[in-house]
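Biologist: I would like to learn how to read a model residue by residue. Could you walk me through an example?

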Amino acid sequence: MTAGTSLTPGTTTAEHELAALQREHGGPLFALLLRLCDGDRQRAEDLVQETLVRAWQHPEALHAAGFDSVRPWLLTVARRLAIDARRAQRARPPEVGAEVPETARVTADHAERAAAALDVREAVKTLTPEHRDVLLLVYFRGASVAEAAKTLGIPPGTVKSRAYYALRALRRVLPGYATDLH
């Protein structure tokens, strides 16, 4: 019987040989690949299937006269596939699931940040010059209260109160950003 003839309707000799390979060598192949894949069962199962596909693609290797068993050939192919899979995995960025990790910082996209900056800029323009000067120094340039007081020539308590009232005014003008201004 040749490789293309059917034993039963719809199956060929090659398919029967492949099924026999799976039954006889599938367990040891899976055990080896599970170790090589660091316990990733799905990847190991995929590589077992890929190994068997390679065997199906190279029937000459399965019927070589010099071998008592095809298992060494299968194990070598499986090991090489696992090495290739590991190299490919290391060559690309790590895969991330659909879930957002709890430690991930959620940031708005560039367009949202730009729109928010324009909104804040317009809102700051509605403040009195005294309140605007305090906000610019303390919040936008990072000056301390003492540094802002020295620069503006006013007491530190006045810097604090102006900053408080400036933020309060911004909260009224920017109600959607209130949580960012606390």
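Biologist: Is V173 buried, exposed or partly exposed?

Modeller: V173 is partly exposed, because its relative accessible area is 43%, where buried means under 20%, exposed over 50% and partly exposed in between (1.4 Å probe, protein chains only). This is a predicted model, in which local features need pLDDT of at least 70, side-chain atom pairs count only at pLDDT 80 or more, and totals for chains, interfaces and linings use all residues. Residues are numbered from 1 along each chain as its sequence is written, and side-chain values use heavy atoms, with hydrogens and water left out.

Biologist: Which residues does V173 touch, not counting those up to four places away in sequence?

Modeller: A123 and T126; contact means heavy atoms within 4.5 Å. V173 itself lies in helix α8, residues 156-173, with helices taken as DSSP runs (H or I, at least four residues) numbered from the N terminus.

Biologist: How do I describe two packed helices?

Modeller: Use the angle between their axes and the distance between the axes. Here, the axes of α7 (residues 145-152) and α8 come within 8 Å and cross at roughly 105°; axes are lines fitted to C-alpha atoms, for helices over the stretch in contact, and angles run from 0 to 180 degrees between N-to-C directions. So α7 is roughly perpendicular to α8, a label for angles of 65 to 115 degrees.

Biologist: Which residues meet there?

Modeller: From α7 come V145, A148 and A149, and they meet P156, V159 and K160 of α8.

Notes:
Helices (H or I, at least four residues) and strands (E, at least two) are DSSP runs, numbered from the N terminus. Angles under 35 degrees count as roughly parallel, over 145 as roughly antiparallel, 65 to 115 as roughly perpendicular and the rest as oblique.
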